[in-house]
Amino acid sequence: MKKIYLFCSAGMSTSMLASKMQSVADAHNVPVKVAAHPHNKIGEIIDADRPDCILLGPQVKYMYEETVAQYGKENIPIAVIDAEAYGMMDGEKVLKTAIKLIKANK
């Protein structure tokens, strides 16, 4: 099972998107676990429950470079969620993006 974790400032709005992504995955029998966490927990989460993909909410886009600098060596793809897909809560589009990132990272 692949783990796709979304991070934003508090984890509130991304948790709605994460549940939509999980619903799409479940409907299509895609074996993934999607969860949302606050950005300040990335280090702990990587240590405790290593994700296969890290997605940052558009509101923490400014933290992308810092996140890559800190965790890029972990060989986990890190990307910023497309702002339009995020705004529309398009779980399917964001899920597809995450799966592409995981496949490209092999």
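**The sheet and what packs on it**

Analyst: In this predicted model, four strands form an open sheet in the order 2-1-3-4, and their pairing is parallel.

User: What makes strand 2 and strand 4 stand at the edges?

Analyst: Strand 2 (32-38) and strand 4 (78-80) each have a single partner strand, so one side of each has no neighbour in the sheet. From one strand to the next, the twist averages 25 degrees.

User: How do you know that strand 1 and strand 3 pair?

Analyst: Two strands count as paired if at least two bridges are found between them, and strand 1 (residues 2-8) and strand 3 (residues 53-56) have 4 bridges in the parallel sense, so they are called a pair. Within this pairing, Ile4 has Cys53 of strand 3 as its bridge partner, and Tyr5 stands opposite Ile54 in strand 3. Strand 1 also runs parallel to strand 2, to which 7 bridges join it, and here Leu6 stands opposite Ala36 in strand 2.

User: Which helix packs on the sheet by touching strand 1, strand 2, strand 3 and strand 4?

Analyst: That is helix 5 (residues 91-104), whose direction makes about 135 degrees with that of strand 3.

User: Why is strand 1 described as largely enclosed?

Analyst: A residue is called buried when its relative accessible area is under 20%. In strand 1 this holds for 6 of the 7 residues, so the strand is largely enclosed by the rest of the structure.

User: How do you know that the length of helix 1 agrees with what it should span?

Analyst: Helix 1 (residues 12-27) has 16 residues, which at 1.5 Å a residue should span 22 Å, and its end C-alpha atoms are 23 Å apart, so the two values agree.

User: Which residues of helix 1 are buried, and what puts them on the same side?

Analyst: The buried residues of helix 1 are Thr14, Leu17, Ala18, Met21, Gln22, Val24 and Ala25. They cover an arc of only 160 degrees around the axis, and therefore they lie on the same side of helix 1. As background, an α-helix has 3.6 residues a turn, so residues three or four places apart point the same way. The buried residues of helix 1 pack against strand 1, strand 2, strand 3, helix 4 (83-87) and helix 5, whereas the face turned away from the buried side carries the exposed residues Met12 and Ala27.

**Residues in the loops**

User: Why is Asn29 called exposed?

Analyst: The word exposed is used over 50% relative accessible area, and Asn29 has 69%, so it is called exposed. Asn29 is found in the loop between helix 1 and strand 2, and it has a positive phi of about 55 degrees although it is not a glycine. Asn75, in the loop between helix 3 and strand 4, is likewise not a glycine and has a positive phi of about 60 degrees.

User: Is Pro51 buried or exposed, and how do you know that?

Analyst: The limit for buried is under 20%, and Pro51 has 2% relative accessibility, so it counts as buried. Pro51 has its place in the loop between helix 2 (42-48) and strand 3. Leaving aside neighbours within four places in sequence, Pro51 is in contact with Lys3, Tyr5, Ile45, Ile46 and Ile76. The C-alpha atoms of Pro51 and Ile4 are separated by 5.9 Å, although these residues are 47 residues apart along the chain.

**The chain as a whole**

User: What pattern does the protein chain follow along the sequence, and what makes it as compact as a globular protein of that length?

Analyst: The protein chain has 5 helices and 4 strands, and along the sequence they follow the pattern β-α-β-α-β-α-β-α-α. Its radius of gyration is 12 Å, close to the 13 Å that the globule rule gives for 106 residues, so the protein chain is as compact as a globular protein of that length. Along its principal axes, the C-alpha trace spans about 35 × 30 × 20 Å, and 43% of the 106 residues count as buried. Among contacts between residues at least 6 apart in sequence, 72% join residues at least 24 apart.

Terms used
Residues numbered from 1 in each chain as written. Predicted model: local features only at pLDDT ≥ 70, side-chain atom pairs only at ≥ 80, totals over all residues. Heavy atoms only, no water. Helix = DSSP H or I, 4+ residues; strand = E, 2+ residues; numbered from the N terminus. Axes fitted to C-alpha atoms, helices over the stretch in contact; angles between N-to-C directions. Contact = heavy atoms within 4.5 Å. Expected span 1.5 Å × (residues − 1). Buried < 20%, exposed > 50% of the residue type's maximum accessible area, 1.4 Å probe, protein only. Arc of directions from axis to C-beta. Rg over C-alpha atoms; globule rule 2.2 N^0.38 Å.
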